[in-house]
Amino acid sequence: MDPSQTGTPPQNGTEINLGEVTITKATGKLNESPPEGTNDNDVSGENGEAYLENGVVKTQTASAEESEHVTLAVTEELAGVLQPHARLPKPEAPRGLHDSPPPSPPPSQNDAASAEKNQNLMPAIGKLIRERSNNFSSAFLKRISSLKESNFADEFLKPSVTEFNLSGLTVTVKLKSETEQQTAASLKGRISFFSRSNCRDCTAVRSFFKEKGLRFVEINVDVYPQREKELIERTGTSAVPQIFFNEKLFGGLVALNSLRNSGEFDQRLKEMIGSKCPDDAPASPVYGFDDLEEELTDQTIGIVRVLRLRLPIQDRLMKMKIVKNCFAGGEMVEVLIHQLDCGRKQAVEIGKQLAKRHFIHHVFGENEFEDGNHYYRFLEHEPFIPKCYNFRGSINDCEPKPAAKVGQRLTKIMSAILESYASDDRRLLDYIGISNSEEFRRYINLVQELHRVNLFELSPDERLAFFLNLYNAMVIHAVIRIGRPQGIIERRSFYNDFQYIVGGHSYSLSTIENGILRNNRRPPYSLVKPFGAGDSRIQLACAKVNPIVHFGLCNGTRSSPMVRFFSPQVIEAELRCAAREFFKSGGMEVNLERRTVYLTQIIKWFDNDFGQDKDILKWILNYLDPTRAGLLTHLLGDGGPIHISYQNYDWSMNS
């Protein structure tokens, strides 16, 4: 600020007013450059010393009598020194400093050149973003304006479900009632309940809370087995569901229905969780932490580790073929004799035990293990390993768990996933939600236990349920991992190249469906069977083909049967139920006027499993609802011709 405006005289120098810059000038001559050893802000003169303070050049040696006010004309050089950089914001005087704005100096050539330079330096991407933003904003505002003109706002504000369409976008709005909004705003605590997979009462509790719009924490003891101990300690029983409002036990489905029927649910809810949830309430499940389970180490793992280090693993020539990463049976016997100090016969028996436990395999599957010039390789060196998505760097060396137990655990985890991330009719899945869930993370860890399980100990029903469930789980994993295939070539790769290691062998989706469930029959449009002669996996195939299994397989498309997981104890009944629901939901239609039956493409692809046309229609009668069964019976009974047409298949993803 100009000292003359405040009434304060200048001290030890002369102040020069340059608009927004004030310079205090001392009597004497200022050097053009400061001497060495001085600060950049100091300027030395013959009769005194000048320094720069807050944008003001002041002198200390000039007396007050020698100082005088002068007005200097700012030269181009001085202006260039004092002005900020061209890219920095221009300094502005505080508001109220001047009664009237100071006159702007005429633009110089340097100013014009600097402005032109700044304009050229502006990034082109910035212009593009602004143009696109303006275009989008104007289009959006134009669309909203048209909606307002059509009384859209009045319709939108109605307390009901409203749907409106923008270009490529469908928005559905469901407004909560005032009571629900007040209830949700007053709840500071937490609702949690213990559950199990495939529990009807748990499903009813879950649906009730969702309808009410209440947030809740579900603790599935099938997914988190160690939480079952906490359930028993808190409630005195392992029965589910058990509902908690904060730390207080409320009860099960009966108590919930009783309170709902009395009309006092909202009031009771406010009383019980109106306060913040205390620390002693049931804790929410945490992502990324596994339950501590005792893993039994395989008895032969010590021998296997020695063999992995000592055996000369290399490429060999056998039957005019290059066999990679293998060793000879005789070499393994020699290492065992030297390491265990045993006889040759005992070493051969140890080799057979390792082969049965799927640590090693014959390169062509010709025998379990023999001494001599027979070539074998470790399971982790099999050529199919890169295609196996349940292999994560190493083979599971722990003692294999019973296949039935692993299959049961897989079914419970996947059922829990469906209950949380599938639509009510189970036809649509939230694959993104599944991929980010703790249940799916635990599933990925679980399928590593399939590496060396013994599938031959399963009963026929257990084997059927195991492979049906494994197929449906692998499809979900494949869609998450590699995405939904587009086109015939990608679909072929999807069903053949996405594999798991199960029981020491590789299984793709096609191998499970056509090799195991269809008793090693050729896939559609293929000339080769899944299992060749001598393949040990053929021993696991179903004894006979039951066409109903096709309605228990979900391949991740909208036209396939809905995804489900089966129990070995009631596998036949659940498959019949799956077939009925599939035909009821559009898998079969009858047109009496045209005397035409419209069937799913699944029956056409696998017509060898279903039989001839008349046999197919008679077989379908067993799984139709009364209306469709009556129409089809009428067509079959009047003796007239019946035409069969196959529906178009929707390959889009069921999401």
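At what angle do helix α11 and helix α12 pack, and how far apart are their axes? In this predicted model, in which local features need pLDDT of at least 70, side-chain atom pairs count only at pLDDT 80 or more, while totals for chains, interfaces and linings use all residues. Residues are numbered from 1 along each chain as its sequence is written, and side-chain values use heavy atoms, with hydrogens and water left out. Helix α11 (residues 301-310) and helix α12 (residues 329-340) pack at an angle of about 120°, and their axes lie 11 Å apart; axes here are lines fitted to C-alpha atoms, for helices over the stretch in contact, and angles run from 0 to 180 degrees between N-to-C directions.

**The chain as a whole**

- The protein chain has 24 helices and 20 strands, where helices (H or I, at least four residues) and strands (E, at least two) are DSSP runs numbered from the N terminus.
- Of the 655 residues in the protein chain, 39% are buried; buried means under 20% relative accessible area, exposed over 50%, and partly exposed in between, with a 1.4 Å probe and protein chains only.
- Among contacts in the protein chain with a separation of 6 or more, 65% are between residues 24 or more positions apart, a contact being heavy atoms within 4.5 Å.

**Helices α11 and α12**

- The angle of about 120° between the two helices makes α11 oblique to α12, given that angles under 35 degrees count as roughly parallel, over 145 as roughly antiparallel, 65 to 115 as roughly perpendicular and the rest as oblique.
- The crossing of α11 and α12 is right-handed; a crossing is left-handed if the near helix is turned anticlockwise from the far one by less than a right angle, and right-handed if clockwise.
- On the α11 side, I303, V306, L307 and R310 meet M332, V335, L336, Q339 and L340 of α12.
- The residues of this contact of α11 with α12 divide into seven nonpolar, one polar and one charged, with Ala, Val, Leu, Ile, Met, Phe, Trp, Tyr, Cys and Pro counted as nonpolar, Asp, Glu, Lys and Arg as charged, and the others, Gly among them, as polar.

**Helices α14 and α17**

- Helix α14 (residues 403-421) packs with α17 at an angle of about 45°, their axes being 10 Å apart, and that makes α14 oblique to α17.
- The crossing of α14 and α17 is left-handed.
- A403, A404, G407, L410, T411 and M414 of α14 meet E462, F466, N469, L470, A473 and I476 of α17, and the residues of this contact divide into eight nonpolar, three polar and one charged.

**Helix α20**

- In helix α20 (residues 571-587), the buried residues are I571, L575, A578, A579, F582, F583 and G587.
- These residues lie on the same side of α20 because they cover an arc of only 125° around the axis, the arc being that of the directions from the helix axis to the C-beta atoms.
- The partners against which the buried residues of α20 pack include α17 (460-482), β18 (588-591) and β19 (596-599).

**Two loop residues**

- G372 sits in the loop between β14 (360-362) and β15 (375-378), is partly exposed with a relative accessible area of 30%, and touches A328, G329 and G330, not counting residues up to four places away in sequence.
- A422 lies in the loop between α14 and α15 (431-435), is buried with a relative accessible area of 17%, and touches I417, L428 and L429, not counting residues up to four places away in sequence.
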